[in-house]
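The tour goes from the whole chain to a pair of helices, then to aromatic rings.

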Amino acid sequence: MSVESRTCGPLSGVRVADFSVHAAGPFAGLMLAELGAQVIKIESAARLDITRRPHSMYGKPPSSFEQVNANKLSACLNLKEPRAVDLALELVRISDLVLENFRPGVMDRLGLGYPQLRRVKPDIVLVSLCSNGQTGPERGYAGYAPMFAALGGLGHLTGYPDGPPVELRHPMDHTGGMLAAFCAVAALCARGSSLGQHVDVSLRDLATAFIGPALLDYAMNRREAHRRGNRDEASAPQGVYRCQGQDAWVSISVASEEEWQGLLRALGHPSWAEEPKFGDAYQRWLNQDDLDRKLGDWSLGFTPQEVTERLQGEGVAAFPSLAANQLMADPHLQAREAFPIVEHSEKGRQRAVSPPWRFSATPARVDRWTASLGEDNVEVFHGLLGLSVAEIKALEETRVVW
């Protein structure tokens, strides 16, 4: 394993050459960096990460770039230049893992395909994340987050019965990034026996993996699943209900008779609950529209927090639907230190989002704000590859390091 990591997380000592761009790939790199790996984001002014480019309406780059590129080093290489490709291969030589999410074939054309990487580092792990995977007739198709769920069938099952399929945007990117990071860690474990490999992660396949029951039902019964909104296929009530306040909502899920009785205690045993149409789970499921109206009339008299406390006190699953400002002020998330403060040399104290895990022996954390473009050129090319500062300056002047 390579040396020097900024944290003592479980992947401390692992080095990642991150060529990925635009959301899903960089999010995978973020997961690895938050686990303690030293992740070097390789980028160029000739082809910025899409989310680093200035927004067409607001001017400055969107915050999504900073969200998924914290904890990383930033090094510039203009991969159109042969010398830059040579330097990229030198970085691969001292790395454990390479991450990319271009269309299939792009890394090969750049001179950085898996065969080329193996020649400089036989046990290298290459993780390729793309829309449709590295094989198949549609491998070269372009794709963005809204399309992954559509192609995989998940979008068709998401939404209301009287509405169109729903586009799933960042959740698909981020779930795909987490899957790529999971696969990367698994491949690094296998690499303990000196086994390098090329890991092919398809976001389209990921979406399909989430609809297994629907596929099985169709294969066995020729029964097509349809959009159900917030409804469950067997339990009621299940939904999001308006509360006291502006755009205030609470989610409630009742999955058993015990929870139904808890709900009735929280509601003060209303007389309508004695009606035969609410007498058992099946009748409640058949009469969900009426049940939702009754429950919605009750929830309007309370804030989301009050509903949550009443129902949770009776063992019923309920939580407010929180906006960003409410998340930042949430006492539970504050107790979990979910939004740590990170110091930035120019921007001062910034709020970050901590990783959603806690390791007792090898804690990982966000300890560095997102780097400016090329901020770590000297650390990477001089400190890791041994180039002199004069050589780096010359490469910058010829737009190799650029």
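What share of the contacts in the chain with a separation of 6 or more comes from residues 24 or more positions apart? The share is 66%, where contact means heavy atoms within 4.5 Å.

This is a predicted model: local features need pLDDT of at least 70, side-chain atom pairs count only at pLDDT 80 or more, and totals for chains, interfaces and linings use all residues. Residues are numbered from 1 along each chain as its sequence is written, and side-chain values use heavy atoms, with hydrogens and water left out.

**Stop 1: the whole chain**

Show the C-alpha trace. Along its principal axes it spans about 85 × 50 × 45 Å. Switch to cartoon: the chain has 17 helices and eleven strands. These are DSSP runs numbered from the N terminus (helices H or I, at least four residues; strands E, at least two). Colour by accessibility. Of the 402 residues, 45% count as buried (buried is under 20% relative accessible area, exposed over 50%, partly exposed in between; 1.4 Å probe, protein chains only).

**Stop 2: helix 1 against helix 7**

Select residues 24–34 and 170–190, which are helix 1 and helix 7. Their axes come within 7 Å and cross at roughly 50°. Axes are lines fitted to C-alpha atoms, for helices over the stretch in contact, and angles run from 0 to 180 degrees between N-to-C directions. Helix 1 is therefore oblique to helix 7 (under 35 degrees is roughly parallel, over 145 roughly antiparallel, 65 to 115 roughly perpendicular, the rest oblique).

Now show side chains. Helix 1 brings Ala24, Phe27, Ala28, Met31 and Leu32 to the contact. From helix 7 come Asp173, His174, Gly177, Met178, Ala180, Ala181, Ala184 and Val185. The contact residues divide into ten nonpolar, two polar and one charged (Ala, Val, Leu, Ile, Met, Phe, Trp, Tyr, Cys and Pro count as nonpolar; Asp, Glu, Lys and Arg as charged; the others, Gly among them, as polar).

**Stop 3: aromatic pairs**

The whole structure holds three aromatic pairs. Rings of Phe, Tyr and Trp (its six-membered ring) pair if their centres lie within 6.5 Å; planes under 30 degrees apart are stacked, over 60 edge-to-face, the rest tilted.

Select tryptophan 272 and phenylalanine 278. This pair is edge-to-face, 5.4 Å centre to centre with 80° between the planes. Both residues are buried.

Move to tyrosine 282 and tryptophan 285. Their centres are 6.4 Å apart and their planes at 15°, so the pair is stacked. Both lie in helix 11 (residues 281–286), three residues apart, about one turn of the helix. Tyrosine 282 is exposed at 51% relative accessible area; tryptophan 285, at 29%, is partly exposed.
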